[in-house]
Each structure stands twice: as C-alpha cells, then as structure tokens.
Amino acid sequence: MLRNQRVVVCLLLAAGCAADPADEVATDSAEATTGEGTTGAAQSTGEPAESSSGDVTADVSYYEDIRPLLTQHCVACHTEGSIAPFRLDSYEDVAALAPAIKTVVEARTMPPFGVRADGSCQEYDDPWWMTEDEIATIAAWVDGGMAAGDDTIEAPEPPALPTLEGDTELVGIPEYAPETNEELGFALDDYRCFPIPFDIESDRYLTGFDVIPDNDELVHHVLGFRVDPTFLNNAEAISVLEGIDEKPGWPCYGAAGDGILPQGVPVTWAPGQGAVNYPEGVGVRFEPGDIMVVQMHYNLLDEGGLDASEIRLKWEDEVEKEGFQVLWDPFLFQSFTGGSQTLPPGMESAKYNWDATFEEMFSFDGISFPQIDLLGIIPHMHERGRKMSVEIERAEGMECAADVDRYDYNWQRTYFYEAPIQVSAEDRLHVECDFNTEGVSDPVGAGFGTQDEMCLVGLFFTE
Ligand code: HEC
C-alpha cells in the first residue's frame with residue numbers, strides 16, 4: 001500500500017521523484033519487491049499508522065491549522081525561486097498536492113532530516129522533525145476534504161533562519177554552467193568540486209559558515225572539505241583532476257574528487273537551513289597550505305543556467321577547543337589496498353558492518369585522547385544506501401548514536417547533538433549500512449563514483 005502511495009506521489013510529481021537517485025533503484029525494482037525493506041515501507045516503520053491523536057478531529061482547515069504548519073516546516077524551500085520543485089504557500093497549490101503532502105509527512109521524507117529525532121536515539125540541535133500530532137493534523141485535513149477555512153486570518157511569519165555574527169570572509173565559487181553527464185551517471189544533477197586556496201601564514205579556526213546560493217533553483221547541497229594537499233597522494237590526485245576538462249573545477253560525487261582523501265568536511269549545507277555556528281568556543285583548524293574543496297550539487301530539474309554562489313566563512317585566531325573531524329569507512333579503505341569486498345547485486349537489503357575503537361580512528365590522524373565529546377555526526381552513503389545504524393559500545397553497554405532509517409543522498413548535513421556524547425578512546429563504534437542493490441546485476445564496490453558505494457561516518461568532536 002505504501003509502495004503504491006509512493007508511486008502515486010511519483011506520478012503526481014514525475015520530476016520530483018526522478019530527481020532522487022535513490023528512488024530510481026527502488027522504482028526500477030518495484031515489481032520485484034514485496035514491500036519489506038523498500039524505500040517506501042522502510043520509511044514508515046512504526047510511524048503514523050499507530051499515531052493516535054485524540055485531539056485531531058475532522059474540523060481542520062487550511063488557514064487555521066495547515067498554513068502555520070507548512071510555513072514552519074516546508075515553505076522555506078517550497079516557495080517561488082527556491083530549490084524545491086513546487087510551492088506550498090497558497091491554498092490552491094497545497095490542496096492540489098494534498099495526497100502527496102500527506103504521504104511525505106507520514107513517511108517523514110519531508111521535511112528532509114535523515115536521522116530519527118523522536119527521542120529514541122539522541123536529541124539533535126534544531127531538528128526538522130514534525131510531531132505525531134502535526135502529522136495527524138495534516139492527514140486529518142487531507143482525509144476530511146481539505147477545508148479552506150477563514151482566509152482573513154493573518155499569515156504566520158516564517159521561522160527566522162540562523163545567521164552568522166561578526167566578521168566573515170566571503171569566498172566565491174567560480175561561475176559555472178552545470179550540465180548533466182550520462183557517462184558519469186548524473187542524469188538530472190551535476191556534482192562539481194572547486195578548490196579554494198587560502199593565503200594564510202599561521203593556523204586559524206573555522207567557527208561557522210553560511211552559503212549564499214546565487215541561483216537558488218540550482219543549488220541543492222554544498223559540502224566544504226578540508227584538504228591537506230601534502231597528505232598521501234592528494235597533490236597528485238588534485239593535479240590529475242584539474243586537467244580533466246576545460247571547465248573550472250572537476251567532477252566529483254562521493255567526496256572531494258577521485259583519489260582525494262579529505263581531512264574532514266567542516267561545511268555541510270542544504271537549502272533552508274541557514275547559517276551554521278559550531279558549538280560555543282569550538283573551531284576547526286586550517287593550517288597554511290590547507291585548501292577547501294567545495295562540492296556543489298546542482299539540481300537541473302527545472303532548467304539549467306549559470307551559478308556563482310558564495311560561501312561565508314567565520315574564522316577565529318584562537319578557540320577554546322579545537323574541533324576535530326574524522327571520516328571513517330573501512331569499506332572504502334579496503335578498496336584502496338586492493339581489497340575485494342563488494343555488496344552482492346540484486347538484493348533488497350545488502351548489509352555492510354564495521355566497527356572500530358575511537359582510538360583506532362584518531363590514531364590514523366595522529367591524535368590521541370583518552371576521552372572526547374562527540375558533537376555531531378555525518379552519515380554518508382551513495383544512491384543505494386537506505387538505512388544506517390551507528391552505535392557506541394561501552395563498558396556499560398550499547399548506546400545509539402544515530403538511527404538513519406530513510407537515507408537520501410540529496411540531503412547531506414552534519415547532525416549536531418543537543419548535548420555532546422562523552423566517549424572514551426576504548427569505546428567502540430559499530431556501524432551497519434543497509435543498501436538496496438536490486439537495480440544492478442554486478443557486485444557493487446566501494447569508491448567515489450555514483451555507481452560505487454560508501455559506508456562512511458563523519459565524526460565531529462572535541463577533546
Ligand atoms: C530543506 C528544504 C525543504 C523542506 C524544508 C521541505 N522540502 Fe519538500 N522538497 C524539497 C526538494 C528540494 C524536493 C525535491 C526532491 C529532493 O530534492 O529531495 C522536495 C520534494 C517534495 C515533494 C515531492 C516528493 C518527493 O519526495 O520528492 C513533496 C510532496 C514535498 N517535498 C513536500 C514537502 C512538505 C509537505 C514539507 C514540509 C512538511 C517539505 N516538503 C519540506 C525541499 C524541501
């Protein structure tokens with residue numbers, strides 16, 4: 001049934017669904033799946049069916065009840081000239097899409113927030129998470145015939161987005177005309193990386209950032225990797241990539257570009273989120289020589305055009321606590337050393353598990369702490385990723401660190417915890433990635449391309 005609803009949404013919004021690479025796999029294999037483990041079914045596990053909201057009646061109207069909810073949770077993106085493919089800021093638009101709206105809020109695929117934030121696994125800073133009551137209100141309105149109500153009620157103010165305070169540096173992304181590239185598997189999108197050098201003589205710390213998209217209809221996500229060109233083969237990889245074509249930057253997908261091993265991803269931005277300020281007193285160090293490789297995800301759903309976005313970076317000379325980032329993925333790492341691990345093809349659910357102590361992960365970057373504060377987490381897979389579970393094994397038992405139950409590559413961000421999780425070096429991280437490989441007939445290997453996979457966790461922490 002959910003599968004069908006999903007298909008209905010796709011029919012209603014053919015473009016919107018096709019834009020999501022994850023859906024292509026699921027859709028191709030719709031006939032072969034039984035529901036269990038497919039995108040649609042997985043998203044709804046334990047969700048709205050059970051929600052029993054006594055106070056939600058059929059007496060729900062657009063102007064009184066629905067507009068305030070959509071203004072708070074949806075309209076930042078679903079408005080004129082923004083990234084989302086249609087607007088949700090008038091009764092007519094919303095009523096026309098009502099069944100699709102009900103489906104996505106019940107499945108919790110919109111608003112896009114990849115980790116479960118219902119309190120069952122950690123609390124997050126500013127989660128985009130609707131309450132069961134809010135979802136039930138929308139469902140009741142749709143099922144009850146979508147009453148308009150009193151249109152003289154004043155429109156609610158949209159929520160204010162976080163901003164950056166103080167001095168910032170504005171860096172420009174070169175003007176670029178994104179294009180699709182079937183060969184690289186970019187059917188509706190372009191992923192392009194641009195190197196940003198910094199002319200600094202001593203260390204400085206990034207404490208926050210914002211992205212100012214130039215062409216809002218194109219810019220989907222923005223990732224800024226810290227790259228030390230002297231690390232392993234980075235310099236060589238960069239020079240190969242720079243010569244790949246005549247255009248600025250180079251194509252990339254999984255990270256900063258083929259063969260580049262980044263030292264962290266301090267900038268993770270998606271439309272509608274506003275500026276990010278790291279937790280008080282925390283900054284990520286950039287040394288002289290470090291560059292930022294910015295991955296721009298351009299969505300070409302509507303039409304092409306030019307983009308020259310800017311990134312605002314907030315720097316401090318000194319911080320109370322250095323923020324560290326570790327990007328860890330044994331699936332990817334084994335592929336560098338001639339390993340032969342792959343995911344079996346044709347599986348609704350192909351799992352990859354890894355575990356590592358924090359000590360092991362830190363020592364790779366030459367750091368050693370008996371104890372750390374985990375501030376945030378970045379779950380990262382590619383288009384076949386469906387779910388990821390991250391747990392911390394301690395002497396006292398297991399603790400959930402992130403529960404990703406409806407992974408969507410389109411939405412990359414750092415999920416900051418409301419309060420840091422304290423872990424010791426001997427504690428062990430257990431990660432399980434769950435992929436759907438039904439769309440392919442060859443084993444899926446690890447790597448940086450659209451057809452490769454990753455089972456990567458980014459950790460943001462301080463001593
Ligand atoms: C952060 C920006 C953002 C927010 C917030 C957001 N959307 Fe979306 N929405 C998008 C984008 C972009 C797409 C196109 C598909 C994609 O890129 O994931 C989309 C797609 C959709 C679709 C098409 C089906 C699909 O999954 O592709 C529906 C329906 C939808 N959104 C409804 C909503 C509703 C309802 C809300 C609020 C409860 C909401 N959205 C909040 C950005 C957003």
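**View 1. The neighbours of H73.** Leaving aside residues up to four places away in sequence, H73 touches P111, W128 and M130; a contact here means that two C-beta atoms, placed from the backbone, lie within 7 Å. What you are looking at is a predicted model, in which local features need pLDDT of at least 70, side-chain atom pairs count only at pLDDT 80 or more, and totals for chains, interfaces and linings use all residues. H73 belongs to helix 5 (residues 62-73); helices (H or I, at least four residues) and strands (E, at least two) are DSSP runs, numbered from the N terminus. H73 counts as buried because it has 21 C-beta neighbours inside 10 Å. The cut-offs are 20 or more other C-beta atoms within 10 Å for buried, 12 or fewer for exposed, and anything in between for partly exposed, with C-beta atoms placed from the backbone. Look for G272 too: its C-alpha lies 9.7 Å from that of H73, although 199 residues separate the two in sequence.

**View 2. Helix 5 meets helix 8.** Now follow helix 5 to its crossing with helix 8 (residues 132-143), where the two axes come within 10 Å at roughly 130°. That angle makes helix 5 oblique to helix 8. Axes are lines fitted to C-alpha atoms, for helices over the stretch in contact, and angles run from 0 to 180 degrees between N-to-C directions. Angles under 35 degrees count as roughly parallel, over 145 as roughly antiparallel, 65 to 115 as roughly perpendicular and the rest as oblique. Helix 5 supplies D65, I66 and L69 to the contact, while helix 8 brings E134, T137, I138 and W141.

View 3. How many residues of helix 7 (residues 98-107) are buried? The count is 8 of its 10 residues, so the helix is mostly covered. Those buried are A100, I101, K102, T103, V104, V105, E106 and A107. Just past the end of helix 7, have a look at R108, which takes a positive phi of about 60°.

View 4. Strand 3 (residues 204-212) is mostly covered, with 8 of its 9 residues buried. Strands of a sheet pair through backbone hydrogen bonds, either parallel or antiparallel. Here, two strands are said to pair if DSSP finds at least two bridges between them. Strand 3 pairs with strand 10 (residues 310-316) in the antiparallel sense over 7 bridges, and F209 has L313 as its bridge partner there. Another antiparallel partner is strand 7 (residues 276-277), with 2 bridges to strand 3. In that pairing, look for G208 and its bridge partner N277.

Notes:
Residues numbered from 1 in each chain as written.
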